[in-house]
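Please work through each task before reading its solution.

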Amino acid sequence: MILVITLPPLTPHREGEHEVGVVYFRFGYDPSCYHGDQDWQARLLIERSLAIKSPSIHYHLAGTKKVQQELAAEGALLQFLSPAEATQVSELFTGLYSLDVGEEGDKAVAMALHDPSRFVLKPQREGGGNNLYGDDITKTLEKVGHKPEREAYILMERIKAPVQQNYLVRPHSEPELASVMSELGIFGAVMGTASHVTLNRTCGHMLRSKLASNNEGGVASGNGALDSVLLVDA
């Protein structure tokens, strides 16, 4: 679904016509959403328009796993932050490794094959249900070998979140007390052009929890549940 908001035209139009002011993408984050050249041309038309895109292709790509991996590379944050800020932010990163064909990627593959339980193999997908774990990492990396297809993934060290007891409430079933793990996401908003940032700020959060025994935790895929934050004294 794409939500389109129209406004009175900024430039002369025929009577009764409106200009698209905002385009909100509810989907379009996966190649399977585009069924042919006509769909890709429609996306290109939107990107070339004056409408505000949420997100634009720039911010869409900035959220991919590959960009996250590149930002974790040594010195990358210094393009955007002061040395002190870059150090503080980098302390939040877990290990992120390129699988590009070459010496660096070969080393990452060797690490993953030696101990796949330490890692997650992540494709450039959103929404949950796409990551690979354990034996699936071994099978996939052995299958692609040194082919360029392996560059569709990055390798990430697994985050060992604390396990807590909490109730999971699901439709058509009784609440269940279970061992769960949680992940806190921070929402941000950014608006600007190629040369000027008009707005860049945090604007909320979402806590999602999943069964500790589950690998995936996406709410949209049915593997996770929305949760509430409870702050306690450390």
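**Exercise 1. A bridge across the sequence**

With a relative accessibility of 1%, Arg150 counts as buried; the term buried denotes under 20% relative accessible area, exposed over 50%, and partly exposed the range in between (1.4 Å probe, protein chains only). The model is predicted: local features require pLDDT of at least 70 and side-chain atom pairs pLDDT 80 or more, whereas totals for chains, interfaces and linings use all residues. Residues are numbered from 1 along each chain as its sequence is written, and side-chain values use heavy atoms, with hydrogens and water left out.

Task: determine with which residue Arg150 forms a salt bridge, and which parts the pair ties together.

Solution. Step 1: the criterion for a salt bridge is a side-chain nitrogen of Lys or Arg within 4 Å of a carboxyl oxygen of Asp or Glu. Step 2: Arg150 meets this criterion with Asp106, their closest N and O atoms being 2.7 Å apart. Step 3: Arg150 lies in the loop between helix H6 (135–144) and strand S6 (153–157), and Asp106 in helix H5 (residues 103–114), so the pair ties together parts that are 44 residues apart in sequence. Helices (H or I, at least four residues) and strands (E, at least two) are DSSP runs, numbered from the N terminus. Step 4: Asp106 is partly exposed, its relative accessible area being 30%.

**Exercise 2. Bridges within helices**

Solution. Glu70 is partly exposed, with a relative accessible area of 39%. Step 4: a network of salt bridges links Lys66, Glu70 and Asp100.

**Exercise 3. The sheet**

Task: give the strand order of the open sheet formed by three strands.

Solution. Step 1: the order is S4-S6-S5, with antiparallel pairing; two strands pair if DSSP finds at least two bridges between them. Step 2: strand S4 (96–98) and strand S5 (119–123) are the edge strands, each pairing on one side only. Step 3: from one strand to the next, the twist averages 30°. Step 4: S5 and S6 are joined by five bridges, and Leu121 stands opposite Leu155 in S6.

**Exercise 4. The packing of H5**

Task: identify the buried residues of H5 and the elements against which they pack.

Solution. Step 1: the 12 residues of H5 should span 16 Å at 1.5 Å a residue, and its end C-alpha atoms are 17 Å apart, which agrees; the expected span is 1.5 Å times one less than the number of residues. Step 2: the buried residues of H5 are Gly105, Ala108, Val109 and Ala112. Seen down the axis of H5, these fall within an arc of 100°, so they line one face of the helix; the arc is that of the directions from the helix axis to the C-beta atoms. Step 3: the face turned away from the buried side of H5 carries the exposed residues Glu103, Lys107 and His114. Step 4: the buried residues of H5 pack against S4, S5, H6 and S6, where contact means heavy atoms within 4.5 Å.

How values were computed
Axes are lines fitted to C-alpha atoms, for helices over the stretch in contact, and angles run from 0 to 180 degrees between N-to-C directions.
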